[in-house]
Amino acid sequence: MKICRTEDELRKTRDAESLGGAPIGFVPTMGALHDGHLSLVRAARKANDVVVLSIFVNPLQFGPAEDFSAYPRDEERDLRLAEAEGVDIAFLPSVDEMYAPDRSTTVSVARISEVLEGKSRPGHFDGVCTVVAKLLNQVMAKRAYFGQKDAQQAAVVKRMVRDLSIPTEIVVCPIVREADGLAMSSRNAYLSAEERAHAANLFKSLKAGEAALAAGGGPGDAEAAMRDVLEATPAMRVDYAAAVDPETFDEALPGGPVLLAVAARVGPARLIDNLLVEAKRRT
Ligand code: PAF
């Protein structure tokens, strides 16, 4: 596995590895790799000749009161895991390498970025879009892999790629869960044993929302059912419990698919999760 720390090194290494234009699969991450990330690497490995993984904790997507400095970092472990999964190129740029001091461009996707995560974390999606646009231009992959765990991020990135004609296909891979249903997340590392046990109720709330829809309820009933579970959980502070259209993140269309999405604080961690309920599973 080649390790590149500058854009120049990345471009040269990529050109050498992808001789003749062999397809590149790209997995952008902020490190602290877990099985969710590794499932993206495996999907990339299966469908492409060259796999590039980036590790960059992007300061632009953290708010001033968020966990940028506390975000878990373990480069050695991440590189070991990446190599074991057959990553060809690991790209680990510094903040200075990515952002010139007089950087003056921000990529912003309107509307879909302004609800749920965008409302709770102002500026977050501008930071995500700006770095993802830059990484996609640096890597020039045929396909880039994102997790459904960050459903709104995936939808926002898809919209950006479409609107800007970025020639990379965005592939969204399923959420990987622990045995009790908790979605894998680098932020789970912040939880004490007790908080970790309570955190499983995020998934339970989604299942309650799904049951409300299956029983013939509408999005409002699903939201109430999810909120009931979350609010009854000790140490949990609900941010939102929403039932929305999975593509636009606006109100769900009558009889259409519904994305159930929740966000809550559990101790020091802000966790999110979601569940897609297809139209056929609604009565
Ligand atoms: O999902 C993440 O880890 C990040 O938001 C991403 C896509 C790597 C951009 O920094």
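1. The largest nonpolar core of this predicted model has 43 residues. Those with the most contacts inside this core are Phe 26, Val 52, Val 132, Leu 136, Met 160 and Phe 249. As background, nonpolar side chains in soluble globular proteins tend to be buried together.

2. Which elements each supply at least two residues of this core? The strands are β2 (24-29), β3 (50-55), β4 (89-91), β5 (143-147), β7 (236-244) and β8 (258-266), and the helices are α6 (124-139) and α7 (151-163). Helix α6 gives the most, with nine residues.

3. Neighbours within four places in sequence are left aside here; beyond them, Phe 249 is in contact with Ile 112, Val 115, Leu 116, Ala 151, Gln 152, Ala 155, Val 244 and Leu 259.

4. Next, the ligand. Which residues surround the ligand? They are Pro 28, Thr 29, Met 30, Gln 61, Val 131, Phe 146 and Gln 153. By type, this shell divides into four nonpolar residues, three polar and no charged.

5. For Gln 61, a polar side-chain atom lies 2.6 Å from an oxygen atom of the ligand. For Gln 153, an N or O atom in the side chain is 2.7 Å from an oxygen atom of the ligand. Taken alone, the ligand exposes 290 Å², and the protein buries 89% of that.

6. Is Arg 143 buried or exposed? Arg 143 is found in strand β5 and has 18% relative accessibility. Buried means under 20%, so Arg 143 counts as buried. The side chains of Arg 143 and Asn 48 are joined by a polar contact of 2.7 Å. With neighbours within four places in sequence left aside, the residues in contact with Arg 143 are Pro 23, Ile 24, Gly 25, Phe 26, Ala 47, Asn 48, Thr 168, Glu 169 and Val 171. One of these, Phe 26, is also among the residues with the most contacts inside the largest nonpolar core.

7. Is Arg 162 buried or exposed? Arg 162 is found in helix α7, and its relative accessibility is 57%. Exposed means over 50%, so Arg 162 counts as exposed. A polar contact of 2.8 Å joins the side chain of Arg 162 to that of Asp 163.

Terms used: Residues numbered from 1 in each chain as written. Predicted model: local features only at pLDDT ≥ 70, side-chain atom pairs only at ≥ 80, totals over all residues. Heavy atoms only, no water. Near = heavy atom within 4 Å. Polar contact = N/O pair within 3.5 Å; in protein donor to acceptor, adjacent residues only side chain to side chain. Areas by Shrake-Rupley, 256 points an atom, 1.4 Å probe, with all protein chains shown as cover. Nonpolar A, V, L, I, M, F, W, Y, C, P; charged D, E, K, R; others polar. Core = buried A, V, L, I, M, F, W, Y, C linked by side-chain atoms within 4.5 Å. Buried < 20%, exposed > 50% of the residue type's maximum accessible area, 1.4 Å probe, protein only. Helix = DSSP H or I, 4+ residues; strand = E, 2+ residues; numbered from the N terminus. Contact = heavy atoms within 4.5 Å.
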